[in-house]
Amino acid sequence: MKEFFQSRYKFLIWALSILIPLVVAILFRVRIPDVAPLMFLPPIYAGINALTAFLLVIAVIQIKKGNRALHERLMSSAILCSIAFLVMYVAYHMTSDPTPYGGEGWIKGLYYFILISHITLSITVIPLVLFTYYYASVELFDKHRKVAKITFPIWLYVAVTGVVVYLMISPFYG
């Protein structure tokens with residue numbers, strides 16, 4: 001019976017890991033008519049990315065200190081922040097036209113490198129976060145630690161580069 005539930009959760013994790021990026025990609029093509037662009041959202045969701053990065057670092061510090069309960073709360077909060085970010089990010093893009101990057105020269109290349117790596121890793125991190133959380137929730141701590149060592153730096157990179165991308169593109173918002 002235990003294997004049955006484990007296989008169901010693994011299937012659900014993979015299904016969500018595929019569905020989330022697909023739905024986001026589809027919603028990027030949808031524009032809500034007669035709704036003013038939600039221009040107030042980008043600094044908020046950039047702040048949420050910064051908060052996520054902070055929570056991740058503090059959570060790792062807490063688990064190294066042996067404070068498992070606080071670690072769990074911080075990681076759950078980081079997941080909630082990531083969900084809130086995603087909802088706001090999609091809402092913004094459903095009400096706004098894409099903002100072209102206006103920088104020139106090497107800074108433009110740097111921007112696109114950061115943006116592309118951020119997007120690619122934000123997709124990659126979805127199953128990693130979900131499996132890391134799942135293994136902790138079913139107390140498979142050896143597997144949790146193994147996956148968390150991969151998940152943490154990728155998730156932290158995604159959170160930090162989200163802020164960097166915002167700071168680089170924000171001067172070009174119309």
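Good morning, colleagues. Please keep in mind throughout that the structure above is a predicted model.

I begin with the overall architecture. The protein chain contains five helices and zero strands, and its elements, read from the N terminus, follow the order α-α-α-α-α. Of the 174 residues, 34% count as buried. The accessible surface amounts to about 10,700 Å², and carbon and sulfur atoms contribute 72% of that area. As for how the chain meets itself, consider the contacts with a sequence separation of 6 or more: 80% of them join residues 24 or more positions apart.

Let me now take the helices in turn, starting with α1, which covers residues 2-28. Which residues make the nonpolar surface patch of about 360 Å²? They are I18, L19, L22 and V23. One of these, L22, is located in α1. With a relative accessible area of 46%, L22 is classed as partly exposed, because that value lies between the 20% and 50% cut-offs. On helices in general, an α-helix has 3.6 residues a turn, so residues three or four places apart point the same way.

Next comes helix α3, residues 68-95, where we find H71. Is H71 buried or exposed? It is buried: its relative accessible area is 11%, and buried means under 20%. Setting aside residues up to four places away in sequence, H71 touches A59, V60, Q62, I63 and H144.

Helix α4 spans residues 106-137 and includes Y112. This tyrosine, Y112, has a relative accessibility of 34% and therefore counts as partly exposed. Y112 and Y101 are 11 residues apart along the chain, and their C-alpha atoms are separated by 8.8 Å.

Finally, I come to helix α5, which runs over residues 141-169 and has 29 residues. From its first C-alpha to its last, α5 reaches 40 Å, close to the 42 Å expected at 1.5 Å a residue. Where does α5 bend? The bend is at A148 and amounts to about 35°.

Thank you for your attention.

Methods:
Residues are numbered from 1 along each chain as its sequence is written. This is a predicted model: local features need pLDDT of at least 70, side-chain atom pairs count only at pLDDT 80 or more; totals for chains, interfaces and linings use all residues. Side-chain values use heavy atoms; hydrogens and water are left out. Helices (H or I, at least four residues) and strands (E, at least two) are DSSP runs, numbered from the N terminus. Buried means under 20% relative accessible area, exposed over 50%, partly exposed in between (1.4 Å probe, protein chains only). Contact means heavy atoms within 4.5 Å. Patches are made of residues with over 30% relative accessible area and no salt bridge: like charges are joined within 9 Å, nonpolar side chains (Val, Leu, Ile, Met, Phe, Trp, Tyr) within 5 Å. Accessible areas come from the Shrake-Rupley method with a 1.4 Å probe; for residues, only the protein chains shown count as cover. A salt bridge is a side-chain nitrogen of Lys or Arg within 4 Å of a carboxyl oxygen of Asp or Glu. The expected span of a helix is 1.5 Å times one less than its number of residues. The bend at a residue is the angle between axes fitted to the seven residues ending there and the seven starting there.
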